[in-house]
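I set out to record, step by step, what can be looked up in one structure. The entries begin with the chain as a whole and end with a single residue.

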Amino acid sequence: MSIQSNENSGKAVLVRTIISLLVVVLGVWALFYVNPASAYPWVKALHVIAIISWMAGMLYLPRLFVYHCAAQPGSEASETFKVMEQRLLRFIINPAMAVSWIAGLWMAWEIFGFKGGWLHAKLLLVVLMSGLHGYLSKATRLFAEDRNIKSARHWRIVNEIPTVLMILIVVLVIVKPF
């Protein structure tokens with residue numbers, strides 16, 4: 001029975017991978033072949049929706065880690081947190097980040113021509129946010145393997161990093177100080 005379960009999970013991973021690749025390919029295609037004038041409001045709306053989703057996940061996942069730290073490995077609570085963390089990452093945070101990047105790069109290229117100090121600073125902060133995303137992804141895997149070595153205090157501090165990055169990014173986008 002476990003062999004069949006592994007085959008089914010392998011097929012599910014393959015399907016998700018194919019869908020993800022299709023989304024990226026369509027996004028890259030859109031970078032070059034969509035009329036910027038008519039697409040801009042739609043791409044901007046999509047970008048804002050994706051950013052809201054990405055940020056919601058980036059703020060919630062470390063908070064789940066705080067509570068997961070208190071659960072005994074192997075306990076029902078721990079197993080529930082593992083499912084919540086993995087689903088949040090897989091179905092909300094990862095897709096939202098991909099759409100954020102695709103829509104954001106399209107706007108940076110087509111609308112702003114990759115010009116402006118504010119845009120370069122924003123991109124740097126988004127790269128840092130993506131790095132934090134990677135760190136949280138690794139932590140999700142470690143929690144799933146019952147190998148977390150970080151304290152609840154550590155995760156409380158990490159929980160503040162997306163907020164600081166978000167504030168700086170929003171100020172750069174709205175104020176465009178340089």
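The entries below follow the order in which I looked things up.

**Entry 1: the model.** I noted at the outset that this is a predicted model.

**Entry 2: the elements.** I looked up the secondary structure and found six helices and zero strands in the protein chain. Read from the N terminus on, the elements run α-α-α-α-α-α.

**Entry 3: extent and surface.** I recorded that the C-alpha trace spans about 55 × 40 × 20 Å along its principal axes. The protein chain exposes about 10900 Å², and carbon and sulfur atoms supply 71% of that area. Of the 178 residues in the protein chain, 30% are buried.

**Entry 4: charges.** I found 16 positive and 8 negative side chains in the protein chain. The centres of the two sets lie 9 Å apart.

**Entry 5: one residue.** Is T140 buried or exposed? The relative accessible area of T140 is 4%. A residue counts as buried under 20%, and T140 is therefore buried.

**Entry 6: the surroundings of T140.** I asked which residues T140 is in contact with, leaving aside its neighbours within four places in sequence. I listed L61, F65, E85, Q86 and L89 as the residues in contact with T140.

Key: Residues are numbered from 1 along each chain as its sequence is written. This is a predicted model: local features need pLDDT of at least 70, side-chain atom pairs count only at pLDDT 80 or more; totals for chains, interfaces and linings use all residues. Side-chain values use heavy atoms; hydrogens and water are left out. Helices (H or I, at least four residues) and strands (E, at least two) are DSSP runs, numbered from the N terminus. Buried means under 20% relative accessible area, exposed over 50%, partly exposed in between (1.4 Å probe, protein chains only). Accessible areas come from the Shrake-Rupley method with a 1.4 Å probe; for residues, only the protein chains shown count as cover. Lys and Arg count as positive and Asp and Glu as negative; His and the chain ends are not counted. The place of a charge is taken as NZ of Lys, CZ of Arg, CG of Asp or CD of Glu. Contact means heavy atoms within 4.5 Å.
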